[in-house]
Amino acid sequence: NGYRTGSEAAIVQPLSPYRRGDKPGSSPPPPPPPRRPKQPIKRPPPIVTKVQERQKVQFKHLRSPTAIEFQSLMKGAQEKKSSGKTMTVNALGLLRQWTTFKKYGKRGSPAFRDVRLSPDNLYIEYISRKKSPEESKIAISQISQIELGWKSKNFNRFAPKPSLSKACFTITYDEGTLDLVAQNKADYLLWTEGLMKVRKLFKQQPLLSFTRVQHVDLEIPTSATYVSYVQYWEADR
């Protein structure tokens, strides 16, 4: 009937090394060649434009100090203490350090930007990934006023926030405004009262003498380095 039964079904024939059509007695076929390991795909390096290269160099060493670094910086600049409530610091030296603010612009959402006073005291510089270094600086000679509070057009694009109403300020210059919100009380006092003193000194001294100034005294509360603007301004309500 064509079906294996009994002992015939238990017999398993071994596999023959010969292929179909080979003659018995001939040598078995050679083993297949080993497979070559896959070589990694070599991709060309990404193309870096001149603008990206300049930004890479520009942002390499620029970062805002952490809270601990800023605290030690303030302690290092401390010169006097009167009854443990205020201290005198060198505002000019601190303004030259990169400080992080929340910047409000004409369009888009507010973004964090690093801002500082240039080493020659003549410009306010801030880091922008869309503008060149020449476009992202403001000459001290062009500053007309420093306005405190949530009053500028850029601020009023958004609903007023009570917790930030006293932490923000606007630097008005010939070509527009620079609208910033400070992260803590120390930053706010340095960039409002301290910058006002620097601007007043610029009007009083010759240009060459002003670029050589290294010290401007400013009294701030000793607690300013520890209090964030949210805690500070909410407590004043």
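This report describes confidence, nonpolar cores, aromatic pairs and charged contacts in a predicted model.

## Basis and confidence

The model is predicted: local features need pLDDT of at least 70, side-chain atom pairs count only at pLDDT 80 or more, and totals for chains, interfaces and linings use all residues. Residues are numbered from 1 along each chain as its sequence is written, and side-chain values use heavy atoms, with hydrogens and water left out.

The pLDDT (the predictor's confidence in each residue, from 0 to 100) averages 75 for the protein, and 65% of the residues score at least 70. Helices (H or I, at least four residues) and strands (E, at least two) are DSSP runs, numbered from the N terminus. Confidence is highest in strand β8 (residues 168–173), with a mean of 92, and lowest in strand β1 (residues 80–82), with a mean of 42. The pLDDT is below 50 over residues 79–83, a stretch with eight contacts beyond near neighbours in sequence; contact means heavy atoms within 4.5 Å. Residues 230–237 also have a pLDDT below 50, and this stretch has nine such contacts in the model.

## Nonpolar cores

In soluble globular proteins, nonpolar side chains tend to be buried together. A nonpolar core is here a set of buried Ala, Val, Leu, Ile, Met, Phe, Trp, Tyr and Cys residues joined through side-chain atoms within 4.5 Å. Buried means under 20% relative accessible area, exposed over 50%, and partly exposed in between (1.4 Å probe, protein chains only).

The largest core has 34 residues, and I124, F169, L190 and W191 have the most contacts inside it. Helix α5 (residues 185–204) gives the most to this core, namely seven residues. Leaving aside neighbours within four places in sequence, I124 is in contact with residues including V115, L117, I171, W191 and L195. Another core, of seven residues, lies apart from the largest one and has W150, F155, L164 and V181 among its members.

## Aromatic pairs

The structure holds eight aromatic pairs. Rings of Phe, Tyr and Trp (its six-membered ring) pair if their centres lie within 6.5 Å; planes under 30 degrees apart count as stacked, over 60 as edge-to-face and the rest as tilted. F101 and F169 form an edge-to-face pair, because their ring centres are 5.8 Å apart and their planes are at 85°. This pair links distant parts of the chain, with F101 in strand β3 (residues 99–104) and F169 in strand β8, 68 residues apart. F101 is buried at 0% relative accessibility, and F169 is buried at 0%. F101, F169, Y188 and W191 form one aromatic cluster.

The rings of Y104 and F158 are also edge-to-face, because their centres lie 5.4 Å apart with planes at 80°. Y104 belongs to strand β3 and F158 to the loop between β7 (143–148) and β8, so the pair ties together parts 54 residues apart in sequence. Y104 is buried, at 2% relative accessibility, whereas F158 is partly exposed, at 28%.

## Charged contacts

Two salt bridges are counted, each defined as a side-chain nitrogen of Lys or Arg within 4 Å of a carboxyl oxygen of Asp or Glu. One joins E125 to R116, with the closest N and O atoms 2.9 Å apart; both residues are buried.

The other joins K137 to E134, with a closest N to O distance of 3.4 Å. K137 is partly exposed at 26% relative accessible area, and E134 is exposed at 59%. K137 also lies over the face of Y123, at 4.3 Å from the ring centre; a charge sits over a ring if NZ of Lys or CZ of Arg is within 6 Å of the ring centre and within 35 degrees of the ring normal.
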